[in-house]
Amino acid sequence: ISSYNTDIDRILKEIAESGASLKESARTLQSLLDGLSDFDPEKIEQIRERLYKLQFLKKKYGGSLEEVLKLKESLEKDILLVDNFDEKIGGIESNIKNKKEALLIRAKEISKIRKEAAKTLEKEVVDVLNDVGLENAGFKVETSPSTNGLGPNGVDDVEFLIKVNKGDEFTSLRKTASGGEISRIMLAIKTVLSEADKTGVLVFDEIDAGISGRIAQKVGRVMKRLSENHQIIAITHLAQIAALAEDHLLVEKESEGDVTMTKIRKLDKNEKVIEVAKLLSGEKVTDAAIKSAKELMAN
């Protein structure tokens, strides 16, 4: 029929090609069937068990195999550290020893610089002490080997020693001076160290105790100089010191019924003059006191 109909010829060719494909598929299927004869139930069980264990690990340690593997790496590092613990400790101890030796060298260098700087500090503090009315005072920086060895402050223990009067022995600052003297001594130290000292606010109380008006004016000028690098708060009853302040706060007590209260308020320009004048003349403010107050404040 194909000689009379070309469609039939085409169909026959397609049937022949399909037959070849079927034969190839049959061979593949047979090969797969032959492979099934090697089926190993024990192997399948091993795979199933491994999948179960992996699922359990994921559930317990992070939810994914990536997290499980991260934990594995971390544990391996820990095990490695344990296995090499003595070697690791030895390396750390050697490193610490080397750093201590380097630190000790640096600390000794600092100690040398500290002792040289102490001489300059002693002289400059004494100069300021003379200015603030402690003409016979002496100041010494005692540097001794630290009882704790190398520490946060180096290899030195440092103490400030003071003598206030002629003939006195140098003793510890905290054991010797009175409140007013300590304030003036600290004023002297802070003045000398003003550029290096990072303390923001300095409070001086009783700094005017036992000093005359002439010395008070010197004390006030030293404080004025110190205020260039610090905020100074001074509690004083001397006009010569109060007059040099930029701002004045008046502390006073008031009674309301059975209650006594302490109040503090900032003074304006005119009030400043009046209060400084009161320090000069008492509660009764005279024209002369006001004039003197203005002159002090002008300086």
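Reader: Is S281 buried, partly exposed or exposed, and how should I read its relative accessibility?

Author: Relative accessibility is read against two cut-offs, since a residue is called buried under 20%, exposed over 50%, and partly exposed in between. In this predicted model, S281 has a relative accessibility of 32%, so S281 counts as partly exposed. S281 belongs to helix 9, and once neighbours within four places in sequence are set aside, S281 is in contact with T286 and A289.

Reader: Which residue lies 212 residues from S281 in sequence, and how far away is it in space?

Author: That residue is L69, and the C-alpha atoms of S281 and L69 are 88 Å apart in space.

Reader: Where does T191 lie, and is it buried or exposed?

Author: T191 sits in helix 6, which covers residues 179–192, and because the relative accessible area of T191 is 11%, it is buried. When residues up to four places away in sequence are not counted, T191 touches V222, R225 and L226. R225 and S194 are 31 residues apart in sequence, with 9.3 Å between their C-alpha atoms.

Reader: How should I read a residue in a loop, such as S146?

Author: The cut-offs for burial apply there too: S146 is in the loop between strand 1 and strand 2, and its relative accessibility of 16% is under 20%, so S146 counts as buried. Beyond neighbours within four places in sequence, S146 has contacts with V155, D156 and D157. The C-alpha atoms of S146 and L81, which are 65 residues apart along the chain, are separated by 38 Å.

Reader: How many residues form the largest nonpolar core, and which have the most contacts inside it?

Author: As a general idea, nonpolar side chains in soluble globular proteins tend to be buried together. In this structure the largest nonpolar core has 31 residues, and L129, F139, L187, F204, V219 and M223 have the most contacts inside it. Two or more residues of this core come from each of helix 4, strand 1 (138–145), helix 6, strand 4 (201–205) and helix 7. Another core, of 8 residues, lies apart from it and includes A243, V273, V276 and A289.

Reader: What is F139 in contact with?

Author: Leaving aside neighbours within four places in sequence, the contacts of F139 are L121, E122, V125, V126, L129, F160, L161, I162, F170 and I189.

Reader: What is the volume of the largest pocket, and which residues are closest to its centre?

Author: The largest pocket has a volume of about 1,000 Å³, and of the 29 residues that line it, A234, A245, D247, H248 and L249 are the closest to its centre. By class, the lining of the largest pocket has 16 nonpolar, 7 polar and 6 charged residues. At least two lining residues come from each of helix 7 (213–226), strand 5 (231–235), helix 8 (239–242), strand 6 (249–256) and helix 9 (269–281).

Reader: Which element gives the largest share of the lining of the second largest pocket?

Author: Helix 4 does, with 6 residues, while helix 4 (85–131) and strand 2 (156–163) each supply at least two. The second largest pocket holds about 200 Å³ of space, and among its lining residues are R114, L121, F160 and V192. This lining comprises 8 nonpolar, 1 polar and 2 charged residues.

Reader: Which elements have the lowest and the highest mean pLDDT?

Author: Where pLDDT is low, the predicted coordinates should not be read in detail. Here the chain has an average pLDDT of 86, with 97% of the residues scoring at least 70. Among the elements of the chain, the lowest mean pLDDT, 72, belongs to helix 5 (residues 173–176), and the highest, 91, to strand 7 (residues 259–266).

Technical notes
Residues numbered from 1 in each chain as written. Predicted model: local features only at pLDDT ≥ 70, side-chain atom pairs only at ≥ 80, totals over all residues. Heavy atoms only, no water. Helix = DSSP H or I, 4+ residues; strand = E, 2+ residues; numbered from the N terminus. Buried < 20%, exposed > 50% of the residue type's maximum accessible area, 1.4 Å probe, protein only. Contact = heavy atoms within 4.5 Å. pLDDT = per-residue confidence, 0-100. 1 Å grid on protein atoms, 1.4 Å probe; cavity = no way out; pocket = protein on both sides within 12 Å on 5 of 7 lines; lining within 4 Å. Points joined across faces, edges and corners; volume = space filled by probe spheres on them. Nonpolar A, V, L, I, M, F, W, Y, C, P; charged D, E, K, R; others polar. Core = buried A, V, L, I, M, F, W, Y, C linked by side-chain atoms within 4.5 Å.
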